Amino acid sequence: MGFIITDVNDLAGELQRLSQLRFDAVILKNMTQIYNRGKADGGTPVDTGQLRLSLTQSQDVVGYTKDYAPHVEYGHRTVNGGYVQGQLFLKHNVDAQKPIFEEDLRKELRRF
């Protein structure tokens, strides 16, 4: 399960072209903030707490290892034919990070 941040102005591509090290630092900072937001109260839905505990970060990838995470995120059908609406917890965390990511890219590009 994952999301891709769309960079309409190709700020990320330009920074990566100018400095891979700075680009990697911006990516790591933003992924860490998404991870921390997911671990904080309200960042991940909690029933048993297992989903929040399964949140992991490996460099530029943040995600949940529990097999039911996509069902909580996107919704699922029930045994009796009903439907449980998705909670979009990861999407909300990514959406909250988008303006921060863009500003971080702009800040690094100004340094050149």
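**Entry 1: a cut-off, then Gln-59**

A residue counts as exposed when its relative accessible area is over 50%, and as buried when that area is under 20%. Anything in between is partly exposed. I note that the model I am reading is predicted.

I began with Gln-59. Where is Gln-59 found? Gln-59 sits in the loop that links β1 and β2. Is Gln-59 buried or exposed? Its relative accessible area is 56%, so I put Gln-59 down as exposed. I then looked up its backbone angle. Gln-59 is not a glycine, yet its phi is positive, about 55 degrees. I set this beside a general rule. Most residues other than glycine have a negative phi.

**Entry 2: the whole chain**

Next I stepped back to the whole protein. I counted 5 helices and 4 strands. I read their order along the sequence as α-α-α-β-β-α-β-β-α. The C-alpha trace spans about 60 × 25 × 20 Å along its principal axes. The protein has 112 residues, and 32% of them count as buried. I also checked contacts between residues at least 6 apart in sequence. Of these contacts, 54% join residues at least 24 apart.

**Entry 3: the hairpin**

I went back to the strands on either side of Gln-59. How do β1 and β2 pair? Strand β1 covers residues 55–58, and its pairing with β2 is antiparallel, over 4 bridges. The two strands make a hairpin with 2 residues between them. Gln-59 is in that turn. I looked up two partners across the hairpin. Leu-55 has Tyr-64 of β2 as its bridge partner. Gln-57 faces Val-62, also in β2.

**Entry 4: the core**

Tyr-64 came up again when I turned to the largest nonpolar core. That core holds 19 residues. Which of them touch the most other members? My list reads Ile-34, Leu-51, Tyr-64, Phe-89, Leu-90, Phe-101 and Leu-105.

Tyr-64 belongs to strand β2 and Phe-89 to helix α5, so the pair ties together parts 25 residues apart in sequence. Both Tyr-64 and Phe-89 are buried.

**Entry 5: helix α5**

Where does α5 kink? There is a kink of about 35 degrees at Lys-98, shortly before the proline Pro-99.

I listed the buried residues of α5 next. They are Phe-89, Leu-90, Asn-93, Val-94, Gln-97, Phe-101, Asp-104, Leu-105 and Glu-108. I kept a general point beside the list. An α-helix has 3.6 residues a turn, so residues three or four places apart point the same way. What do the buried residues of α5 pack against? I found α1, α2, α3 (50–53), β2 and α4.

**Entry 6: Leu-88**

Then I looked up Leu-88. Leu-88 lies in the loop between β4 (83–85) and α5. Its phi is positive, about 50 degrees, although Leu-88 is not a glycine. With 31% relative accessibility, Leu-88 is partly exposed.

**Entry 7: two distances**

I finished with two C-alpha distances. Gly-13 is in helix α1. At 27% relative accessibility, Gly-13 is partly exposed. From Gly-13 to Leu-105 the C-alpha separation is 9.8 Å, and the two are 92 residues apart along the chain.

I found Asp-41 in the loop between α2 and α3. Its relative accessibility is 73%, so Asp-41 counts as exposed. The C-alpha atoms of Asp-41 and Arg-52 are 9.6 Å apart, with 11 residues separating them along the chain.

Technical notes:
Residues numbered from 1 in each chain as written. Predicted model: local features only at pLDDT ≥ 70, side-chain atom pairs only at ≥ 80, totals over all residues. Heavy atoms only, no water. Core = buried A, V, L, I, M, F, W, Y, C linked by side-chain atoms within 4.5 Å. Buried < 20%, exposed > 50% of the residue type's maximum accessible area, 1.4 Å probe, protein only. Pairing = 2+ DSSP bridges. Bend = angle between axes of the 7 residues up to and from the residue. Contact = heavy atoms within 4.5 Å.
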